[in-house]
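Here are my notes on this one, as promised. Have the structure open while you read.

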Amino acid sequence: MNVFRFMLQNRGQVLELTFEHLRLVGFSTLFAMLIGIPLGIAIAHRPKFNRPVLATANIIQTIPSLALFGFLLPVPWLGERSDRLAILALTLYALLPIIRNTYTGIRGVDPAVVEAGRGMGLTESQLLFQVELPLAVSVILSGVRVAVVISVGLATIAAAIGAGGLGEFIFRGLAMVDDRVILAGAIPAAILALVADFGVGWLERRLQPR
């Protein structure tokens with residue numbers, strides 16, 4: 001109960017860091033979707049590019065988060081602002097599940113349905129927006145769901161470079177060897193991950209084609 005008393009006494013700071021955390025996760029997920037979904041669609045229609053694109057996204061996932069922050073720090077425009085650097089790093093980590101699920105979703109559309117659309121005179125762009133994406137949307141959202149949960153967890157590491165977020169409490173608590181401070185950051189981060197997982201999962205089920 002000491003943890004919750006500490007959080008109540010410092011609720012202003014907890015809320016401030018929670019909003020910072022949400023900002024990092026929100027922007028990085030948005031950018032990852034803007035990059036990953038079109039890229040997934042492109043490699044689904046041109047399968048010869050799927051291996052290099054997915055391999056590159058896989059390699060990024062294998063780089064430890066602190067090492068990736070270190071690689072990006074010398075970049076002039078990014079290194080000046082830790083939040084920019086953190087958002088870029090989180091965006092890169094979120095790309096793999098979004099690209100992979102978009103590719104899987106588009107490739108999983110029944111070819112007979114696509115051919116029927118072509119037979120009705122639909123153009124390629126009409127086929128994409130009226131047939132393929134509506135049928136693949138639940139699979140794509142499944143990738144977004146994974147990306148959001150990954151970003152919520154990794155955003156705690158962003159505090160190590162001064163980008164803010166709930167990781168501030170975690171790193172401060174580790175330095176002070178104080179479980180209350182560590183949990184004041186860990187508990188809200190875990191709640192955010194669960195809420196995001198439930199929310200995107202609910203949307204995924206609602207948009208699943210019947």
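This is a predicted model: local features need pLDDT of at least 70, side-chain atom pairs count only at pLDDT 80 or more; totals for chains, interfaces and linings use all residues.

1. The largest pocket holds about 180 Å³ of space. Three helices, α2 (11-45), α6 (82-107) and α7 (111-119), each supply at least two lining residues, and α7 gives the most, with four. Among the residues in the lining are His45, Arg107, Pro111 and Glu132. By class, that lining comes out as five nonpolar, four charged and one polar.

2. Have a look at both ends of α7. At its start, a side-chain oxygen of Asp110 comes to within 3.0 Å of the backbone nitrogen of Ala112. Just after the helix, Gly121 has a positive phi of about 95 degrees.

3. There are six salt bridges in the structure. One of them pairs Arg23 with Asp83, with 3.6 Å between the closest N and O atoms. That pair ties helix α2 to helix α6, across 60 residues of chain. Arg23 is partly exposed at 35% relative accessible area, whereas Asp83, at 11%, counts as buried.

4. Arg145 and Asp197 also form a salt bridge, at 2.7 Å between the closest N and O atoms. Here the link runs from helix α8 to helix α10, with the partners 52 residues apart. Arg145 is partly exposed at 23%, and Asp197 is partly exposed at 27%.

5. Asp178 and Arg180 meet in a salt bridge at 3.3 Å, N to O. Asp178 is buried at 15%; Arg180 is partly exposed at 33%.

Key. Residues are numbered from 1 along each chain as its sequence is written. Side-chain values use heavy atoms; hydrogens and water are left out. On a 1 Å grid over the protein atoms alone, a cavity is a set of points where a 1.4 Å probe fits but cannot get out, and a pocket is an open set with protein on both sides within 12 Å along at least five of seven lines; lining residues have an atom within 4 Å of a point. Grid points are joined across faces, edges and corners, and a volume is the space filled by probe spheres set on the points. Ala, Val, Leu, Ile, Met, Phe, Trp, Tyr, Cys and Pro count as nonpolar, Asp, Glu, Lys and Arg as charged, and the others, Gly among them, as polar. A polar contact is a pair of N or O atoms within 3.5 Å; within protein, one must be able to donate a hydrogen and the other to accept it, and residues adjacent in sequence count only if both atoms are side-chain atoms. A salt bridge is a side-chain nitrogen of Lys or Arg within 4 Å of a carboxyl oxygen of Asp or Glu. Buried means under 20% relative accessible area, exposed over 50%, partly exposed in between (1.4 Å probe, protein chains only).
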